[in-house]
Structure formats: C-alpha cells, structure tokens
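Please read them with the model open beside you.

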Amino acid sequence: MLDDLFGLSQTLIRVRNRPYRRPFFEEALSGGRFHIIVGPRGVGKTTVMIQHLLAGSGGDVFTRKGLYVQADHFLVARSSLYEIADEFHKYGGELICFDEIHKYPSWSMELKSMADTFPALKIIASGSSALEIVRGSHDLSRRALVLRMRGLSFREYLGMVHGLEFVRRALTDLTGGHERTAELIVRELEQGGHKVLPLFNDYLARGYYPYFLEYPDTAQFQLTLTQQVQATLEVDLPAIHPALGGASIRKMRKLLAVVAGLVPFTPDMKALKGMLEIGDERTLKGYLGFLEEAGILLTVSKSDKGLRAMEKPEKIYLNNPNLYHALSGNSAADSGAIRETFFLNTLQADHTVRVAPKGDFLVDGSLTFEIGGKGKDGGQIKGVENAWLALDNIEVGVGRRIPLWMFGFL
C-alpha cells in the first residue's frame with residue numbers, strides 16, 4: 001500500500017508544485033506539529049503544503065520522510081487515513097500532508113487519533129471550512145493550529161507575475177504617511193517598465209487566485225472560476241454539511257445569483273425569504289453563513305456580533321473582485337462593488353470591519369473609510385474624526401486621499 005501511495009505522492013507533487021512561494025505560510029508551518037489550512041477552492045492550499053514538504057526534504061521529490069495524500073483519491077480508499085499514517089510512521093515518516101480532508105467521511109476523528117497516537121509525526125491537512133473544524137465533535141482547534149488562507153494580495157500578485165518583491169505594510173503606514181510610500185512603490189514599478197493602475201486593474205479582474213497564470217485567456221480563467229463556484233456548491237458544501245440536500249443547494253445558487261446581480265447588495269430578508277421560498281429567517285442566515293465560510297460571499301454588519309450570532313447583515317458582497325468579473329455575465333461588473341469588495345476582503349484578514357454610521361466602512365472601531373473613484377469628494381465623511389477616502393484611479397494620494405491600490409500591500 002505504502003509504495004503505491006509514495007508513487008502517487010511523487011506524481012502529484014511534480015504536477016502541482018509552483019515556483020512562487022508565499023513566505024507567511026512557510027513561516028507559519030515551520031512551528032508546531034499539527035496544522036490545518038482552510039480556505040476556498042483555488043487559493044493555493046495544495047501548493048503551500050507541497051512546497052513545505054519539499055522544503056523539508058531539500059527539494060527531493062522521492063523522499064520517504066514526507067508523504068502527500070489526496071484524501072478523496074481512489075487509492076486512498078483502500079485504507080483509512082489513520083492506517084496510512086500508522087504505516088508511514090512505522091517506516092520512519094516524519095511529515096504527512098492530507099489534501100481535501102473535508103471530502104473524507106471521518107476525517108475529524110482520524111486526525112485527532114493521529115495527533116494523539118503519533119506525537120513525533122508532523123501533520124498538515126487542508127479543508128474548506130474553518131467553522132466545521134472549530135465546532136467539530138473532536139475539537140481539533142485545541143490540537144491543531146488553524147491557518148486561514150486567502151487568495152493573493154496585490155503585493156503578492158506583483159511578486160508572482162513580475163518578480164517584484166515589496167515589504168508588507170501596516171494600516172498605520174497608510175493612514176500616517178501614505179504619500180511617500182506610494183511614491184516609492186510607483187517609482188520602483190516604473191523603473192521596471194510598469195504602471196501601477198493597469199496592474200491593479202488586471203489584479204482585480206484575475207489576480208486573486210494563484211492559478212490564473214495557467215490561463216492566458218482571461219475569459220477561460222473566468223469560466224474555470226464559475227465552475228469552481230459550482231463545485232463548491234454541489235460538492236464541497238454537501239461534503240461538509242451532509243444535511244444539505246438538492247433543494248437547499250438550488251436555493252443557495254439562486255441566492256448567489258441575486259447577490260451577484262445587485263451590488264453592493266443590501267438585503268431585504270423578508271423579500272429574500274419569499275423569493276427563495278424559505279420559511280424562516282434562521283434558515284436564510286444559515287445559507288448566507290455557509291456561502292461565507294465557503295469563500296463565495298462576504299457579509300458586513302453594524303456591530304461586532306456578525307452573522308454567526310444570527311444578526312442581519314447590512315451588506316452582502318461576493319468574496320473578491322475576481323468573482324464579480326466572472327459572475328457578471330454579459331454585463332460589465334459594477335465598479336463600486338468591486339472597489340468596496342477589494343477593500344473589505346483585504347481589511348477583514350487582520351482587522352474588524354463594520355458598516356460605518358457615515359462613510360462606507362468602520363475599521364477597528366475607530367477608522368472611517370469612504371471608497372470611490374478619483375472624483376469622489378469628502379462630503380460623506382465631513383466632520384468625522386479619523387476618516388479617509390480610499391480612491392481608485394490615482395497613483396499617489398495626498399492628505400486624507402489614499403490610493404485604493406495601496407491597501408493591497410497590507
């Protein structure tokens with residue numbers, strides 16, 4: 001059995017390895033012995049695991065110290081994941097990586113057993129739902145370090161596509177002196193023959209998912225993205241939540257179509273219930289929660305309770321700008337929704353973001369931002385303390401006017 005799995009592992013490592021490395025995840029995986037990487041389809045979970053495995057073996061694809069296991073492959077079905085780990089450990093294995101773990105029926109119990117039985121074995125698993133891991137009956141959150149993975153930032157996009165490495169910035173760098181920082185970045189890009197605004201527009205259209213470089217034709221990439229959304233609805237969500245039947249999936253697909261067509265979407269819960277033929281608001285909020293956990297939607301509320309506390313969301317967005325471009329059909333994607341989505345997706349990673357009393361977003365309870373194009377004035381945030389404009393289509397800002405693209409360096 002083990003020889004077959006090593007052969008499969010070597011083949012998949014060759015096929016799925018990529019040259020660009022995301023340093024944050026390499027550093028995060030270097031400490032501790034049990035990690036679970038969660039995130040939507042296509043953001044690079046598999047690549048990070050394979051790169052970490054190869055880094056530990058000095059790049060040796062034929063190593064017997066590391067094993068990559070695709071949890072839903074038919075070869076894996078011959079034995080349980082626990083039995084695979086047991087035999088791997090007995091023959092001196094040190095690192096085992098389980099991909100698409102949520103598609104394996106008893107993954108939670110078996111990962112817990114591995115972690116408890118083989119204390120010297122390092123384990124990395126990837127899955128689609130952090131919520132299921134935290135709430136699972138075997139409580140893996142106490143044993144594993146859960147890493148939430150997003151798509152590429154604009155800064156990472158520049159590194160992957162053009163080999164341009166920029167340091168990560170803090171939000172205080174933008175609110176406390178963005179002019180000089182923007183000037184330095186713009187100048188460095190221009191020295192390489194690049195302009196920041198066309199690059200940013202390309203990123204918004206196709207640069208969030210690392211695999212986009214495999215599809216030089218943007219239309220083909222966007223087609224794969226719509227197929228990924230379909231697979232998430234029809235395969236991943238039922239695997240994570242077995243109670244979801246065909247009727248529920250159809251209603252979530254319709255809900256997604258409504259959100260994609262009205263952007264940014266301010267939900268009328270009563271109207272949505274009627275449109276989707278849902279009897280109670282709790283079920284509707286549950287569907288929104290599933291889609292948010294799956295990396296298809298983003299919701300933002302007025303308070304810190306959020307959707308998990310069953311509060312009504314104030315606004316609903318698709319998860320990232322690439323999805324708007326892919327799901328907008330024949331109509332042009334809404335520029336206002338794309339700008340707000342980019343800002344929300346970027347800031348939510350490390351900050352709390354709520355709907356602002358004035359302006360668009362309140363960040364960390366104290367910073368107000370209004371999002372718009374270069375012609376936007378400060379009327380909506382007039383008289384508001386600690387308020388800024390995040391503006392598209394400007395290279396370098398001044399004062400309270402910060403270029404929107406700079407938030408991609410956070």
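1. The second largest cavity holds about 40 Å³ of space. A cavity here is a set of points on a 1 Å grid, over the protein atoms alone, where a 1.4 Å probe fits but cannot get out; points are joined across faces, edges and corners, and the volume is the space filled by probe spheres set on them. Its lining, meaning residues with an atom within 4 Å of a point, consists of Pro40, Arg41, Ser128, Thr232, Asp236, Leu237, Ile240 and Ala294. By class these are four nonpolar, two polar and two charged residues (Ala, Val, Leu, Ile, Met, Phe, Trp, Tyr, Cys and Pro count as nonpolar, Asp, Glu, Lys and Arg as charged, the others, Gly among them, as polar).

2. A word on the source: this is a predicted model, in which local features need pLDDT of at least 70 and side-chain atom pairs count only at pLDDT 80 or more, while totals for chains, interfaces and linings use all residues. Residues are numbered from 1 along each chain as its sequence is written, and side-chain values use heavy atoms, with hydrogens and water left out.

3. Helix α11 (residues 218-240) gives the largest share of the lining of the largest cavity, four residues. Helices (H or I, at least four residues) and strands (E, at least two) are DSSP runs, numbered from the N terminus. Among the lining residues are Tyr209, Leu225, Gln228 and Leu323; the classes are seven nonpolar, three polar and one charged.

4. Now the sheet. Five strands form an open sheet in the order β2-β3-β4-β1-β5, with parallel pairing (two strands pair if DSSP finds at least two bridges between them). β2 (66-70) and β5 (145-148) are at the edges with a single partner strand each, so one side of each has no neighbour in the sheet. Inside the sheet, four bridges join β3 (residues 95-99) to β4 (residues 122-127), and Phe98 stands opposite Ala125 in β4.

5. Finally, α11 and α12 (residues 246-261) pack at about 145°, with axes 11 Å apart. Axes are lines fitted to C-alpha atoms, for helices over the stretch in contact, and angles run from 0 to 180 degrees between N-to-C directions. In this contact (heavy atoms within 4.5 Å), the α11 residues include Val229 and Leu233, and the α12 residues include Ile249 and Met252. The contact residues divide into seven nonpolar, one polar and two charged.

Methods
1 Å grid on protein atoms, 1.4 Å probe; cavity = no way out; pocket = protein on both sides within 12 Å on 5 of 7 lines; lining within 4 Å.
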